[in-house]
Amino acid sequence: VMVLIVLSADLNASFYIAWMIASMLFGIPQSLSTVLYAVGSGDPTQLERRFRFTLGVSFCSGLLAVVFLLVAGEPLLHLFGASYAEQATTAVQILAIGIFPEAVRTHFVAVRRLNRRIGPALPLVWGGAVLEIGGGIAGALLTDSLTGVAVGWLIAIAIESALMSPDVWRMVSSAEQEMEAVGDIAGAEAEAELEGAAAGDN
């Protein structure tokens, strides 16, 4: 609707297709964070480890998706018409990069829900949504193109995810510390077993 009002109906149709393609990519971190919430609710002791896993998969999948759209973005849009490819190829490739801040945002929300602290986070989530719309409008007005819309939106969600990132990286650090602690314990147990075996031989 924003593109329709600020730009044109023709560009709005192209942006709709580009956004639908990008939204399929965003479904990856969204689904993984939903699974994280379910697992974390059932077994909180595994939360940090699962968090690191789902965030890592989100970023790896995002990297593959961005590379894929760099190659296949134009052919995909050509399926809907030459004008779609001409108007929205760069836009869909830029939108695809948004999977990385989207992964941070969805994991931030999952952690806040698990910690029963979603209330204080709502102003940030709602403010981020307003910022994304504003970024898209600003990009459209400044460039009169879908590329500008995509860049404006990407900058906005990047700012939003940067504000949410402290919670996310705190969980990643906790997972790393937990893994180090487990490794230390396993090493100590192995050493004790070797010492016991050596004492038995003597």
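This is a guided tour of the model above, one selection at a time.

**Before you start**

The model is predicted; local features need pLDDT of at least 70, side-chain atom pairs count only at pLDDT 80 or more, and totals for chains, interfaces and linings use all residues. Residues are numbered from 1 along each chain as its sequence is written, and side-chain values use heavy atoms, with hydrogens and water left out.

**Stop 1: the whole chain**

Show the protein chain as a cartoon. Its secondary structure comes to seven helices and zero strands. Helices (H or I, at least four residues) and strands (E, at least two) are DSSP runs, numbered from the N terminus. The order of elements from the N terminus is α-α-α-α-α-α-α.

Now colour by burial. Buried means under 20% relative accessible area, exposed over 50%, and partly exposed in between (1.4 Å probe, protein chains only). Of the 202 residues, 39% count as buried.

Then look at contacts (heavy atoms within 4.5 Å). Among those between residues at least 6 apart in sequence, 78% join residues at least 24 apart.

**Stop 2: the largest nonpolar core**

Select Leu-77, Leu-95 and Leu-146. In the largest nonpolar core, which has 28 residues, these three touch the most other members. A nonpolar core is a set of buried Ala, Val, Leu, Ile, Met, Phe, Trp, Tyr and Cys residues joined through side-chain atoms within 4.5 Å. Helices α2 (9-42), α3 (47-78), α4 (82-97) and α7 each supply at least two residues of this core. Which helix gives the most to this core? It is α2, with eight residues.

Zoom in on Leu-77. Leaving aside neighbours within four places in sequence, Leu-77 is in contact with Ile-17, Ala-18, Ile-21, Tyr-84, Ala-85, Ala-88, Thr-89 and Val-92. Apart from this core lies another, of 15 residues; Ala-103, Leu-114, Ala-121 and Val-168 are among them. In soluble globular proteins, nonpolar side chains tend to be buried together.

**Stop 3: Ala-110**

Move to helix α5, where Ala-110 is found. Ala-110 is buried, with a relative accessible area of 4%. Setting aside neighbours within four places in sequence, Ala-110 contacts Ser-33, Leu-36 and Tyr-37.

**Stop 4: helix α6**

Select residues 118-143, helix α6. The buried residues in α6 are Ala-121, Gly-128, Glu-132, Gly-135, Gly-136, Gly-139 and Ala-140. Step just past α6 to Asp-144, which takes a positive phi of about 55°.

**Stop 5**

A salt bridge is a side-chain nitrogen of Lys or Arg within 4 Å of a carboxyl oxygen of Asp or Glu. The count comes to five.

Take Glu-132 and Arg-105 first. Their side chains meet in a salt bridge at 2.4 Å, N to O. Glu-132 sits in α6 and Arg-105 in helix α5 (residues 99-114), 27 residues apart. Glu-132 is buried at 11% relative accessible area, and Arg-105 is buried at 18%.

Go on to Arg-105 and Glu-160, a salt bridge of 3.3 Å, N to O. Arg-105 lies in α5 and Glu-160 in helix α7 (residues 146-201), so the pair ties together parts 55 residues apart in sequence. Is Glu-160 buried or exposed? Glu-160 is buried, at 1% relative accessibility. Not counting residues up to four places away in sequence, Glu-160 touches Arg-105, Leu-124, Val-125, Gly-128, Ala-129 and Glu-132.

**Stop 6: Asp-167 and Arg-112**

Finish with this pair, whose side chains form a salt bridge of 2.7 Å, N to O. Asp-167 lies in α7 and Arg-112 in α5, so parts 55 residues apart in sequence are tied together. Asp-167 is buried at 11% relative accessible area; Arg-112 is buried at 10%.
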